[in-house]
Amino acid sequence: MKHYEVEILDAKTKDKLCFLDKVEPNATIGEIKSMFHKSHPQWYPARQSIRLDPKGKSLKDEDVLQHLPVGTTATFYFRDLGAQISWVTVFLTEYTGPLVIYLLFYFRVPFIYPPKYDFTTSKHWVVHLACMCHSFHYVKRLLETLFVHRFSHGTMPLRNIFKNCTYYWGFAAWMAYYINHPLYTPPIYGEQQIRIALIIFLFCQIGNFSIHIALRNLRPPGSKTRKIPYPTKNPFTWIFLLVSCPNYTYELGSWLGFTLMTQCLPVAFFTLVGFIQMTVWAKGKHRSYLKEFRDYPPLRSPILPFIL
């Protein structure tokens with residue numbers, strides 16, 4: 001069995017960082033990262049991007065050396081991805097913040113509103129309902145992070161946690177300030193509008209959870225296998241017939257319901273910004289499905305059936 005010689009160069013400077021002799025042909029990129037880590041302890045495997053070309057895409061950890069377009073002396077290029085943090089930690093931090101921040105405004109802790117309103121409660125029942133819905137949403141997200149989601153990548157750059165928390169925490173404070181404000185006024189169409197909004201919110205929350213369960217069941221524990229998601233016996237998953245990322249479709253519906261329930265401009269703006277971001281993610285995932293699976297259902301749209 002022939003062995004490979006592997007040299008790893010800096011993608012920016014082209015300086016040689018490491019030379020590995022007698023590497024097994026069935027060695028994976030993940031194993032090569034571990035070998036590289038031994039000679040450069042500051043760059044642990046999750047922090048490494050190994051590429052065939054300095055400006056190319058990162059190779060997958062499961063890629064096998066002998067299956068790559070390289071000779072017996074293989075040259076790879078290394079980029080430092082920076083400090084990494086686990087996806088679970090990021091999501092738990094992202095979602096705990098809005099839950100706590102919203103409750104601070106709901107209970108009207110001191111220094112938010114005028115002193116005479118400290119620890120008072122709103123006279124409008126929709127304010128209490130909105131707090132329950134908002135709390136339910138983020139508790140659901142926390143529980144899904146811990147017990148439902150399976151991540152294809154274990155880590156993300158540490159800097160992302162600051163960006164993501166600014167987004168979620170900032171919007172939560174902005175929304176909560178106005179919804180729980182002593183001068184807040186209920187929706188213009190009263191109880192009928194609130195009840196319709198609550199039905200939309202709860203329907204989409206159940207739908208979103210159903211999609212997350214369906215996606216979880218597609219990927220066995222510890223696997224990075226990708227499959228085409230199809231509807232299951234659960235009626236909430238039948239939207240897979242028309243949409244590639246129905247979890248985003250239901251997420252959008254939940255926030256539209258919350259906007260209708262509270263009739264609050266900051267909530268509407270948060271919904272709009274979220275929709276734009278989710279559309280970008282959905283289009284990217286839709287393209288990757290089409291590229292990876294030749295038999296991918298042609299009727300599906302990324303996020304909105306027949307529209308977007």
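Predicted model: local features only at pLDDT ≥ 70, side-chain atom pairs only at ≥ 80, totals over all residues.

Author: Happy to. Setting aside the neighbours within four places in sequence, Leu-218 touches Lys-227, Ile-228 and Pro-229.

The protein chain has 7 helices and 6 strands. Followed along the sequence, these elements come in the pattern β-β-α-β-β-β-α-α-β-α-α-α-α. The C-alpha trace spans about 80 × 45 × 30 Å along its principal axes.

Helix α4 covers residues 159-179 and helix α7 covers residues 265-292; their axes come within 9 Å and cross at roughly 155°. An angle over 145 degrees counts as roughly antiparallel, so α4 is roughly antiparallel to α7. On the α4 side, the contact is made by Tyr-167, Phe-171, Trp-174, Met-175, Tyr-178 and Ile-179. Facing them from α7 are Pro-266, Val-267, Phe-269, Phe-270, Val-273 and Gly-274. Sorted by class, the residues of this contact are 11 nonpolar, 1 polar and no charged.

Helix α7 has another partner in α6, which takes up residues 246-262. The axes of α6 and α7 are 9 Å apart, and the two helices pack at an angle of about 170°. That angle makes α6 roughly antiparallel to α7. From α6, the residues involved are Tyr-248, Glu-251, Leu-252, Trp-255, Leu-256, Phe-258, Thr-259 and Thr-262. They meet Val-267, Ala-268, Phe-270, Thr-271, Phe-275, Met-278, Trp-281 and Ala-282 in α7. Here the classes come to 12 nonpolar, 3 polar and 1 charged.

Now for the division into domains. The chain splits into domain 1, residues 2-81, and domain 2, residues 84-290. Taken over C-alpha atoms, the centres of domain 1 and domain 2 are separated by 39 Å. Where the domains touch, 6 residues of domain 1 are in contact with 5 residues of domain 2. The size of an interface is often given as the accessible area lost when the parts come together. For domain 1 and domain 2, the area buried between them is about 360 Å², with 39% of it on carbon and sulfur atoms. Across that interface, 0 salt bridges are found.

Salt bridges do turn up in the model, though: the count comes to 7. One of interest joins the side chains of Lys-33 and Asp-61, with 2.8 Å from N to O. This pair links distant parts of the chain, 28 residues apart: Lys-33 belongs to helix α1 (residues 29-39), whereas Asp-61 sits in the loop between β3 (48-51) and β4 (73-80).

Key: Residues numbered from 1 in each chain as written. Heavy atoms only, no water. Axes fitted to C-alpha atoms, helices over the stretch in contact; angles between N-to-C directions. Helix = DSSP H or I, 4+ residues; strand = E, 2+ residues; numbered from the N terminus. Parallel < 35°, antiparallel > 145°, perpendicular 65-115°, else oblique. Contact = heavy atoms within 4.5 Å. Nonpolar A, V, L, I, M, F, W, Y, C, P; charged D, E, K, R; others polar. Domains from an automatic or database assignment. Buried area = accessible area lost by both parts, 1.4 Å probe. Salt bridge = Lys/Arg side-chain N within 4 Å of Asp/Glu carboxyl O.
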